[in-house]
Amino acid sequence: MSQCLQTIQDYALRAIGIGEKLLPRSDFTLCQQVTLIGSGLIWNLYFGFLALFFGFFLANALAVARFSRNPWLRKPAEWFIFVFRGSPLFIQFFVAYEALVQLPRAGVDVLGITVATSWMTKAWAGALLVLMLNTAAYSAEIFYGALRNVPKGELEAADAYGMTGWRRYRRIVWPTAMRLAWPAYTNEAIFLVHATTLVFFSGFPAFRQQGDALYYASYFADKTFNPFVAYPIVAGYFILLTLCLIGLFGVVNRRLNRHLPGAARRLRYRPNLIR
């Protein structure tokens, strides 16, 4: 027990550069594998949280632009959504990495100002950008569908109260659209968190060889020639993370629907054993 506590103290934060720098080379214990893979999960949380946070605002802007009658706003949003939804995320990682690598080493001239781009080829920046744009495209399509399905009665009520423009959108349209879109957006959030494991296979290098959960799982699997310990640990971590996401998004969903009848009821699991 004390040895495991020491292992946790040494490796729990290794993925962010705190603790032992050298990985264990032999005689791997279950505690070492669980601790190091959990340490790598910090990067998956980093990718997932920031991509969801920034992607949420970008997705709302894209959805509003696509809903607009102005073709100068609608068409670019439509093409952006089509490109990122129509191409595999794995390919997007490689295209983005190659594009960033091919830029001049000195940087890119934007309005006469030299912008350094070498930092964008690292996973913490480049891979995060790809994940953010990808989830923004999928989420924008979800929010766009919700905007189209806002009940006309609510819009007519807003007009009766004299609400127009930004006030109408902020008080009526956006809250109703979020309420309609939230279940589907919850699924998108789960898919995005799972997709963070693809960063390991992309061309973006890990930060100082301190990679994500799959980085450490692959290390242990290669050293022990036994993938049936490390990879199930990764799966277990992501199952727990998924349950946390479902709980968190469920709280937000209940908040959005608090004014509806029966919103306070708790979800109960009732299996149908006999049809």
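Predicted model: local features only at pLDDT ≥ 70, side-chain atom pairs only at ≥ 80, totals over all residues.
Trainee: Start inside. Which residues of the largest nonpolar core touch the most other members?
Mentor: Ile37, Phe47, Phe93, Leu131, Phe143 and Phe204 do, out of 67 residues in that core. A nonpolar core is a set of buried Ala, Val, Leu, Ile, Met, Phe, Trp, Tyr and Cys residues joined through side-chain atoms within 4.5 Å. Buried means under 20% relative accessible area, exposed means over 50%, and partly exposed is in between (1.4 Å probe, protein chains only).

Trainee: Which elements give two or more residues to this core?
Mentor: They are α2, α3 (71-86), α4 (89-102), α5 (123-148), α7 (165-195), α8 (213-224) and α9 (227-256). The largest share is from α5, with 15 residues. Helices here are DSSP runs (H or I, at least four residues), numbered from the N terminus.

Trainee: Back to Leu131. What is it in contact with?
Mentor: Skip its neighbours within four places in sequence. Then Leu131 is in contact with Phe47, Ala51, Leu89, Phe93, Leu192, Ala195, Thr196 and Val199. Contact means heavy atoms within 4.5 Å.

Trainee: And Gly126, is it buried or exposed?
Mentor: Gly126 is buried, because its relative accessible area is 1%. You will find Gly126 in helix α5. Beyond four places in sequence, Gly126 is in contact with Met120 and Phe204.

Trainee: How far is Gly126 from Val199 in space?
Mentor: They are 9.9 Å apart, C-alpha to C-alpha. In sequence, Gly126 and Val199 are 73 residues apart.

Trainee: New topic. How many salt bridges are there?
Mentor: The count is five. A salt bridge is a side-chain nitrogen of Lys or Arg within 4 Å of a carboxyl oxygen of Asp or Glu. Side chains of opposite charge can pair when their charged atoms come close.

Trainee: Which residue pairs with Arg74?
Mentor: Glu78 does, with the closest N and O atoms 3.7 Å apart. Glu78 also forms a salt bridge with Lys75, at 3.6 Å from N to O.

Trainee: How far apart in helix α3 are Glu78 and Arg74?
Mentor: Glu78 and Arg74 are four residues apart, so about one helical turn separates them. Glu78 and Lys75 are three residues apart in α3, also about one helical turn. An α-helix has 3.6 residues a turn, so residues three or four places apart point the same way.

Trainee: How accessible is Lys75?
Mentor: Lys75 is partly exposed, at 40% relative accessibility. Glu78 is partly exposed at 25%, and Arg74 is partly exposed at 21%.

Trainee: What does Glu154 pair with?
Mentor: Glu154 forms a salt bridge with Arg179, the closest N and O atoms being 3.7 Å apart. Glu154 lies in helix α6 (residues 152-160) and Arg179 in helix α7, so the pair ties together parts 25 residues apart in sequence. Glu154 is partly exposed at 25%, whereas Arg179 is buried at 16%.

Trainee: Which residues do salt bridges with shared partners join into one network?
Mentor: Arg74, Lys75 and Glu78.

Trainee: Now the surface. Which residues make the nonpolar patch of about 460 Å²?
Mentor: Phe49, Phe53, Phe54 and Phe57 make it. Patch residues have over 30% relative accessible area and no salt bridge; like charges are joined within 9 Å, and nonpolar side chains (Val, Leu, Ile, Met, Phe, Trp, Tyr) within 5 Å. Accessible areas come from the Shrake-Rupley method with a 1.4 Å probe, and for residues only the protein chains shown count as cover.

Trainee: Where is Phe54?
Mentor: Phe54 is in helix α2 (residues 30-67). Phe54 is partly exposed, at 42% relative accessible area.

Trainee: What is the phi of Asp27?
Mentor: Phi of Asp27 is near 50 degrees, a positive value in a residue other than glycine. Asp27 sits in the loop between α1 (2-11) and α2, and is exposed at 69% relative accessibility.

Trainee: What about phi of Phe225?
Mentor: Phi of Phe225 is near 55 degrees, a positive value in a residue other than glycine. Phe225 is in the loop between α8 and α9, and counts as exposed at 74% relative accessibility.

Terms used: Residues numbered from 1 in each chain as written. Heavy atoms only, no water.
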